[in-house]
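Student: I would like to learn how to read a few features of a structure. Could we start with how two chains meet?

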Amino acid sequence: MGYLMTFSHVLSFRVVGDGGSISKGKICSLKARAVLIDMEEGVVNEILQGPLRDVFDSKQLITDISGSGNNWAVGHKVFGSLYQEKILEKLRKSAEHCDCLQCFFIIHSMGGGTGSGLGTFLLKVLEDEFPEVYRFVTSIYPSGEDDVITSPYNSILAMKELNEHADCVLPIDNQSLFDIISKIDVMVNSGKLGAAIKPKSLVTSSTGVFKKRQEKPFDAMNNIVANLLLNLTSSARFEGSLNMDLNEISMNLVPFPQLHYLVSSLTPLYTLADVNIPPRRLDQMFSDAFSKDHQLIRADPRHSLYLACALMVRGNVQISDLRRNIERLKPSLQFVSWNQEGWKTSLCSVPPVGHSHSLLALANNTCVKPTFVELKERFIRLYKKKAHLHHYLQIEGMEESCFSEAVSSLSALIQEYNQLDATKSMPVEDLPRLNVAV
Amino acid sequence: MGNGHAQCRHLGQIAHFFEGVCFGLFLSMSIVTVQLGQCGNQIGFEVFDALFNDSHCPRGLCSKKENEAYQASCKERFFSEEENGVPLARAVLVDMEPKVINQTLSKAARSGRWKYGQHSCFCQKQGSGNNWAYGYSVHGPRHEESIMNLIRKEVEKCDSLSGFFIIMSMAGGTGSGLGAFVTQNLQDQYSSALKMNQIIWPYGTGEVIVQNYNSILTLSHLYRSSDALLVHENDAVHKICAKLMNIKQISFCDINQVLAHQLGSVFQPTYSGEGSFHYRRNPLGDLMENLVPHPEFKMLGVRNIPQMSENSLAYSTFTWAGLLKHLRQMLISNAKMEEGIDWQVRPPLSGLPPLGKMSVNREIHFNTSIANLVILRGKDAHSADVGAFKDPALYTSWLEPVHAFNVWKTQRAFRKYERSAALVSNSQSLVKPLDRIVGKAWNMFASRAYLHQYTKFGIEEEDFLDSFTLLEQVIASYCNL
């Protein structure tokens with residue numbers, strides 16, 4: 001039903017062979033609907049030798065040797081044209097295996113060369129080749145302490161593509177993920193949750209080996225992102241009293257085509273031992289979803305303007321619980337005047353493994369603006385000095401106008417958010433209605 | 001608006017004509033139900049379950065022969081017979097994604113008492129994305145033939161078709177958009193059969209962000225193609241669950257079961273006339289004739305009394321006088337349940353003009369009716385005095401009081417209620433909720449938010465404006481009663 005193109009993780013499956021009964025626990029007959037793309041071989045090879053090697057179809061890979069050198073232009077222009085046909089071929093093949101192809105998930109980073117450049121090149125290809133299929137993009141934005149010098153260039157150039165060719169973007173930053181992992185570490189190691197922590201909880205990747213995690217925090221951090229995508233698709237995969245399909249996300253959360261950046265927050269971030277949590281703890285879950293500690297990007301939605309908000313709940317939670325919490329949280333949140341009741345909700349009966357319930361909140365909120373403003377400022381600081389610019393301009397098809405257009409695109413987006421923010425403290429009035437003769 | 005003011009009267013007369021011709025055959029006319037989307041299918045299941053369980057209720061408080069006649073009538077109306085004796089619901093299940101229909105089919109089959117036809121379903125995989133335009137303009141035409149074929153097969157199983165129930169929500173994409181499309185098709189292909197849409201109005205605070213857009217598009221289209229809109233409000237039913245049923249953690253299942261109870265209390269068999277002991281053949285036709293005299297006024301609401309949890313029921317007794325007094329005041333003060341009724345509201349004194357025209361902004365005001373139907377079920381129903389409902393002060397002046405009010409009765413008790421009453425009204429009570437929905441949709445429309453999602457599939461700003469115009473007209477008409 002869904003189709004995933006990824007540089008790191010996997011979600012939905014097709015059955016290889018006769019599609020007969022799948023014995024429990026054996027995933028070797030399931031193949032991910034995924035294409036793995038990297039212009040270096042190291043990461044992809046590691047996946048193919050790791051515990052999930054049977055999940056990936058070895059024919060659905062596109063790799064090269066030299067890498068993109070953290071250069072968007074190399075990823076987008078050079079490797080784009082080099083691999084366009086091959087990518088299309090693999091995509092078409094995967095699409096043929098789908099009874100009903102609904103959306104693509106693209107997972108990449110903004111700051112590098114391949115994910116950023118080739119990843120956004122693919123967006124355009126997908127739009128042309130499969131115009132009716134939704135394009136969801138999970139983008140890792142560079143943090144302040146990012147060590148890739150050219151990440152501002154790469155990010156700005158990629159942003160223009162996201163603005164124009166993505167249906168929905170979930171921006172995430174590594175710093176937030178790292179903070180979340182650190183908090184979990186503290187909680188676990190301090191023994192606060194005691195025996196309640198299940199070592200095999202899917203929130204953490206390795207089995208309770210915390211020392212290992214500190215050495216390789218990216219596994220745990222990526223696991224958080226994987227959980228985000230699991231929760232996003234849960235209502236489409238499992239039954240519930242109020243289902244929510246992926247196409248409903250775009251419909252409800254994107255009021256204007258350019259404003260499609262959604263802030264995500266997940267809860268819980270650690271295992272809860274109790275199965276039947278009395279309502280008070282349930283309400284705590286809702287409060288947590290609106291706390292900065294649970295967000296996957298640094299932003300402050302509570303003090304900015306909500307355009308729309310989606311709550312995707314899993315587990316034994318009923319409509320009255322949902323409504324009670326919306327009523328409780330609403331007064332402290334500011335919604336835009338034309339969408340005062342802008343809540344989209346879903347109830348999925350099946351909770352994540354190891355938890356009794358969970359909540360994913362997706363907010364279309366002007367609080368993403370500072371992230372973009374900061375990105376623009378970092379870009380300008382670099383661009384003013386013309387630092388490293390020649391690496392880009394020497395690539396065929398790249399000109400200074402590419403940069404200026406990208407900056408304009410971002411500025412226009414920031415301006416949209418500014419205009420909405422300006423309406424924040426204005427009183428909400430009902431507009432005069434149509435007069436009809438009776 | 002509408003193609004012929006006399007249409008409803010005319011249709012009711014047709015039904016009666018056939019009834020006359022078939023005098024001597026007391027078979028109930030059948031109703032085919034079309035269940036659309038998640039909401040429609042979840043509710044549809046509860047409705048058939050409630051109807052079946054009630055008709056097989058061992059108590060019934062009446063003679064065995066009476067009970068059998070009741071059962072037979074209910075069965076003919078809502079079920080057809082399968083080969084090994086398991087009744088099949090007269091229903092077509094439609095959804096644009098498979099999970100809910102699969103669940104619904106298996107729930108029914110599991111009960112072992114009744115089920116849905118294996119081939120009565122139409123299903124797709126990708127859903128409607130909460131997009132009315134997608135449901136109406138894409139799914140509708142694409143799947144028109146398949147869906148109408150399924151309906152035709154179900155209709156052919158009926159000896160005599162009274163009409164259709166279409167169960168749908170307004171907030172989503174399939175029930176609302178595809179529901180509007182299917183209703184239009186039913187109007188074209190089955191012009192002599194009646195169509196009653198059971199429309200679920202969403203909670204005021206968000207189930208779906210674009211619910212107000214979907215709602216106005218649905219209502220305006222249905223107003224042109226449906227014969228009656230029986231409205232069920234989630235907010236009202238939720239309060240019933242909370243205050244009357246004392247349910248702590250209210251689920252959609254609870255909501256749907258209350259709704260099913262309300263529908264059952266209206267459409268289960270009743271006697272065809274005062275002093276008659278035969279069951280009414282065509283309640284749908286009779287109801288339309290009684291309650292929808294004019295196509296500009298199609299919005300109906302239902303109220304029940306008593307409504308309570310089973311535990312409380314064992315300790316309660318009611319008199320007809322008490323039940324009817326509360327029901328009347330619920331109507332007059334526009335209360336949706338028997339708790340928190342405002343007893344201060346009174347009808348205007350007869351002979352005097354009403355206290356100013358209704359304004360949607362006035363808090364307390366008297367709810368004027370066009371027409372009412374009271375349905376009494378249970379012990380000594382024949383002796384219940386409904387005189388207070390005949391008071392002309394309750395009604396607008398343009399119908400003869402004798403036509404404005406009707407009562408149906410049966411001795412046979414409904415479910416576990418020794419005495420119970422239902423009231424179906426065509427009154428001003430839905431004006432405020434409708435006005436709220438239109439207002440919110442209008443505010444959003446003014447900012448042009450989300451419109452690109454609709455224009456993408458061929459629903460333009462003009463279509464929105466047409467819908468607004470029609471609904472403002474409906475609001476104004478009801479206000480001016």
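Tutor: Contact means heavy atoms within 4.5 Å. By that rule, 53 residues of chain A are in contact with 52 residues of chain B. This is a predicted model, in which local features need pLDDT of at least 70 and side-chain atom pairs count only at pLDDT 80 or more, while totals for chains, interfaces and linings use all residues. Residues are numbered from 1 along each chain as its sequence is written, chains are lettered from A and ligands numbered from 1 in the order in which they are written, and side-chain values use heavy atoms, with hydrogens and water left out.

Student: How much area do chain A and chain B bury between them?

Tutor: The size of an interface is often given as the accessible area lost when the parts come together. Buried area is the accessible area (1.4 Å probe) that two parts lose on being put together, summed over both. For chain A and chain B this is about 4,300 Å², with 52% of it on carbon and sulfur atoms. On the side of chain A, the residues A:Met251, A:Arg433 and A:Leu434 supply 18% of the area buried against chain B, more than any other three residues.

Student: How many salt bridges does the rule find across the interface of chain A and chain B?

Tutor: A salt bridge is a side-chain nitrogen of Lys or Arg within 4 Å of a carboxyl oxygen of Asp or Glu. Five are found across this interface. A:Arg433 and B:Glu472 form a salt bridge through their side chains, at 2.6 Å from N to O.

Student: Is A:Cys98 buried or exposed?

Tutor: Buried means under 20% relative accessible area, exposed over 50%, and partly exposed in between (1.4 Å probe, protein chains only). A:Cys98 is buried, at 10% relative accessibility. B:Cys123, at 30%, is partly exposed.

Student: Which strand is joined to β6(A) by bridges?

Tutor: Helices (H or I, at least four residues) and strands (E, at least two) are DSSP runs, numbered from the N terminus. Two strands pair if DSSP finds at least two bridges between them. Seven bridges join β6(A) to β7 (residues 134–141) of chain A, and the two run parallel. Six of the seven residues of β6(A) are buried.

Student: What unit do β6(A), α3(A) and β7(A) make?

Tutor: A crossover is right-handed if, with the strands pointing away from the viewer, the path from the first strand over the helix to the second runs clockwise. These three elements make a right-handed β-α-β unit. A:Gly112 lies in the loop between β6 (103–109) and α3 (114–129) of chain A, and is buried at 12% relative accessible area. Leaving aside neighbours within four places in sequence, A:Gly112 is in contact with A:Asn70, A:Trp72 and A:Asn154.

Student: Where is the cis peptide bond that has an omega of about 0 degrees?

Tutor: That bond joins A:Thr267 and A:Pro268. A:Pro268 sits in the loop between β9 (263–267) and α9 (279–289) of chain A.
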